[in-house]
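Colleague: I have a few questions about how the terms are applied here. Please set each value against its cut-off.

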Amino acid sequence: MSFPFNPRGGLIIVPATLCGPQREVIVELALDTGATTTVINQHALQYAGLRLDEDGRPAEITTGSGIESVLEVRLDSIHALGKIENDFAILCHNLPPSAAVDGVLGLDFLRGERLIIDFRAGQLALE
């Protein structure tokens, strides 16, 4: 199954559904093969029903500006590109508003799959 994207645009945006303890939340994530871990903004996780102060455990990430303290939490599941990952650990970190996305879909979600990015056709597939 393939999904369209704008091959002339900036980021490749992937819609994803986060399933938390209270509700499902649809977010827009930037596909980021340079990110080892999926990162999602705090607001989306809280809306899904995660209690970050109770459910999170301390972690660190390296960003362009240095090492930052974040929280790692587990989603009931995440759905993107036709794939579902259950009990999936992600990092909670607020991207700057200029990013215009709710987070990044990292290599942890893509591992074990075949990712095809066809810029000529503007199609993205995960096999």
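**Terms and values**

Modeller: Leu81 counts as buried, at 7% relative accessibility.

Colleague: What kind of model is this, and how are residues numbered?

Modeller: This is a predicted model, where local features need pLDDT of at least 70 and side-chain atom pairs pLDDT 80 or more, while totals for chains, interfaces and linings use all residues. Residues are numbered from 1 along each chain as its sequence is written, and side-chain values use heavy atoms, without hydrogens and water.

Colleague: Why is Leu81 called buried?

Modeller: Buried means under 20% relative accessible area, exposed over 50%, and partly exposed in between (1.4 Å probe, protein chains only). Leu81 has 7%, so it counts as buried. Of the 127 residues in the chain, 42% are buried.

Colleague: Where is Leu81 found, and what is its phi?

Modeller: Leu81 is in the loop between strand S6 (66–80) and strand S7 (83–92). Its phi is positive, about 55°, although Leu81 is not a glycine. Most residues other than glycine have a negative phi.

Colleague: Is Ala100 buried or exposed?

Modeller: Ala100 is exposed, because its relative accessible area is 62%. Its phi is also positive, near 60°. Ala100 lies in the loop between S7 and strand S8 (103–105).

Colleague: What makes S1 and S9 edge strands?

Modeller: Two strands pair if DSSP finds at least two bridges between them. Strands themselves are DSSP runs of E, at least two residues, and helices are runs of H or I, at least four, numbered from the N terminus. The open sheet has the order S1-S10-S9, with antiparallel pairing. Strand S1 (2–4) and strand S9 (115–118) each have a single partner strand, so one side of each is left without a neighbour in the sheet.

Colleague: How many bridges join S9 to S10?

Modeller: Four bridges join S9 to strand S10 (residues 123–126), and the two run antiparallel. Asp118 stands opposite Gln123 in S10.

Colleague: How many helices and strands does the chain have?

Modeller: The chain has three helices and ten strands.

Colleague: Why does the radius of gyration agree with a compact globule?

Modeller: The radius is taken over C-alpha atoms, and the globule rule is 2.2 Å times the number of residues to the power 0.38. For 127 residues a compact globule would have a value near 14 Å; the chain has 14 Å, so the two agree. The C-alpha trace spans about 45 × 30 × 25 Å along its principal axes.
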